[in-house]
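Here are a few exercises to work through with the model open on your screen. Try each one before you read the solution.

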Amino acid sequence: MGTTAFAELEFWLLVIMSMVAPMLLWRLLHSKRTPTRSTIFSLGLVLVVISGTAFYLLQTLAAQSKHSPSLADDALFASELTLSLYLLPALFAGIGINLISDRLIRHLRDNDDFSGRDGENG
């Protein structure tokens, strides 16, 4: 292990997963004129996966910072500031779950089997 958690691969993966990947997804979504249902559903799944990966990487970096001699690691990953680092992945997870549930609800609403026929035949 290096002398700081900022030199670890996990830190750079966290930066990529928290900043670069969502920007690329946003650009991909806006490059299409009208995104399909499967595209939006896939975007939701990818956002949830990004969020889970970011949570895992934050946990790993917090554990590594406790064993690092650098005080900058402790100030960011092992203090009260750590909560603010979890907000972005939590936002991605919330948006992803919202996109997935919206697609599922619309699919069920559009499907004739779930259009409320249960009460017709008694």
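**Exercise 1.** Work out which hand the crossing of helix 2 and helix 4 has, and how their axes are arranged.

*Solution.* Start with the hand: helix 2 and helix 4 cross in a left-handed way, meaning the near helix is turned anticlockwise from the far one by less than a right angle (clockwise would be right-handed). Helices here are DSSP runs of H or I with at least four residues, numbered from the N terminus. Next, the axes: they come within 8 Å and cross at roughly 155 degrees. These axes are lines fitted to C-alpha atoms over the stretch in contact, with angles from 0 to 180 degrees between N-to-C directions. Angles over 145 degrees count as roughly antiparallel, so helix 2 and helix 4 are roughly antiparallel to each other. Last, sort the contact by class: 21 nonpolar, four polar and three charged residues. In that sorting, Asp, Glu, Lys and Arg are charged, Ala, Val, Leu, Ile, Met, Phe, Trp, Tyr, Cys and Pro are nonpolar, and the others, Gly among them, are polar.

A note on the source: this is a predicted model, where local features need pLDDT of at least 70 and side-chain atom pairs count only at pLDDT 80 or more, while totals for chains, interfaces and linings use all residues. Residues are numbered from 1 along each chain as its sequence is written, and side-chain values use heavy atoms, with hydrogens and water left out.

**Exercise 2.** Is serine 18 buried or exposed? And what about arginine 103, buried or exposed?

*Solution.* Buried means under 20% relative accessible area, exposed over 50%, partly exposed in between (1.4 Å probe, protein chains only). Serine 18, in helix 1, has 12% relative accessibility, so serine 18 is buried. Outside four places in sequence, serine 18 touches Ala54, Leu88 and Phe92. Arginine 103, in helix 4, is at 14%, so arginine 103 is buried.

Notes. Helices (H or I, at least four residues) and strands (E, at least two) are DSSP runs, numbered from the N terminus. Angles under 35 degrees count as roughly parallel, over 145 as roughly antiparallel, 65 to 115 as roughly perpendicular and the rest as oblique. Contact means heavy atoms within 4.5 Å.
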